[in-house]
Amino acid sequence: MEDFEDDPRALGARGHRRSVSRGSYQLQAQMNRAVYEDRPPGSVVPTSVAEASRAMAGDTSLSENYAFAGMYHVFDQHVDEAVPRVRFANDDRHRLACCSLDGSISLCQLVPAPPTVLHVLRGHTRGVSDFAWSLSNDILVSTSLDATMRIWASEDGRCIREIPDPDGAELLCCTFQPVNNNLTVVRLQDTCSPRVGNAKHNVHVMNISTGKKVKGGSSKLTGRVLALSFDAPGRLLWAGDDRGSIFSFLFDMATGKLTKAKRLVVHEGSPVTSISARSWVSREARDPSLLINACLNKLLLYRVVDNEGTLQLKRSFPIEQNSHPVRSIFCPLMSFRQGACVVTGSEDMCVHFFDVERAAKAAVNKLQGHSAPVLDVSFNCDESLLASSDASGMVIVWRREQK
């Protein structure tokens, strides 16, 4: 990967270079591999004795566990416009939200039956490109092609704050800082108007309470950023752009400042459309990892090898993706059973499941039912339900088969 240590932005006060230990992620991987009996009190390490999580997972094989009984419900309120993002609320089984290029966001409740749309959030004048739940699920932040970010109350669907981009730039994606949910990272697209910054591709850290950019929390990239993801501690941010690059940033927890660290070219000219970070993948693969979608007809799994976000390709899986912004996820409970599963959308109109630890025949399952490219997937917290959205505006909720 390209190193940005010579970038003046990586220098501290008076030109002194910041001292950064390169061994933290190697150390984390080594500690993650420690046996259960030797783990420090209070640490979170996946082991074979994680009985509660194994009970939720079903204590079955991956193929058995990810067998689905069929469709639980179909939401079609956004038909005719793509739904680029669908997300269950954090640690929640039955609350779901999705955004649409029709300019709205739907908040849905799956139980009690029948599933219902609780609120439709309206206010954006163009398509909603992305949204994120806060950690406590009390607010959502959304980004739109209308050059605004909006903050919503999930309880009643009210718009709490509208934050316009001063340059009138389209906003393409967003994510909350996982430790401090008052800070949100957004991506600004180029504009065609002759304004200052119209030739730049910027990532900005925003304070959602004040509606202002955080000082030092902006950085320029080589292309339009389509995907963002923090690591679990919130100290590393990765951004993927439409030119095939992934950049890592060091995030200052005290100030919100971003420092560009590394750059990896996945494939020149192939947009990176999804990034998901995980501290460990399974009991057998306890290295910090990134799951990447790019327009290469492959789903990519990378190992994070140091605390500056350097990436090393571990393996890839065949899917169909040439042009659509397809996304993927790590399964939330996969680390407590044998093997490890990831789920991705695909342009073949299917939802694909892969075991990242299986050397051959990694495909675990494939769900068919969409009539357009599947753009996003999301599990609820106990993996009993999976939601998928497509380019025609359909959202399907799948029910896992009960053993």
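This report walks through a sheet, some aromatic rings and one glutamate.

## About the model

This is a predicted model, in which local features need pLDDT of at least 70, side-chain atom pairs count only at pLDDT 80 or more, and totals for chains, interfaces and linings use all residues. Residues are numbered from 1 along each chain as its sequence is written, and side-chain values use heavy atoms, with hydrogens and water left out.

## A four-stranded sheet

Start with the strands (DSSP runs of E, at least two residues, numbered from the N terminus). Four of them form an open sheet in the order E19-E20-E21-E22. The pairing is antiparallel. Two strands pair if DSSP finds at least two bridges between them. Strand E19 (272-278) and strand E22 (311-318) stand at the edges. Each has a single partner strand, so one side of each is left without a neighbour in the sheet. From one strand to the next, the twist averages 20 degrees. Such angles run from 0 to 180 degrees between N-to-C directions, with axes as lines fitted to C-alpha atoms.

Now look at one pairing. Strand E20 (residues 289-294) and strand E21 (residues 298-304) run antiparallel and are joined by 6 bridges. Asn293 stands opposite Leu299 in E21. Strands of a sheet pair through backbone hydrogen bonds.

## Aromatic rings

Rings of Phe, Tyr and Trp (its six-membered ring) pair if their centres lie within 6.5 Å; planes under 30 degrees apart count as stacked, over 60 as edge-to-face and the rest as tilted. The count comes to 6 aromatic pairs. One of them is Phe230 with Phe251, which is edge-to-face. The centres are 5.4 Å apart, with 90 degrees between the planes. Phe230 lies in strand E15 (residues 225-230) and Phe251 in strand E17 (residues 245-251), so the pair ties together parts that are 21 residues apart in sequence.

Buried means under 20% relative accessible area, exposed over 50%, and partly exposed in between (1.4 Å probe, protein chains only). Phe230 is buried at 8%. Phe251 is buried too, at 6%. Elsewhere, ring pairs link Tyr66, Phe68, Phe353 and Phe379 into a cluster.

## Glu162

Glu162 sits in strand E10 (residues 159-164). Glu162 is partly exposed, at 42% relative accessibility. Leaving aside residues up to four places away in sequence, Glu162 touches Thr148, Met149 and Arg150. Contact here means heavy atoms within 4.5 Å.
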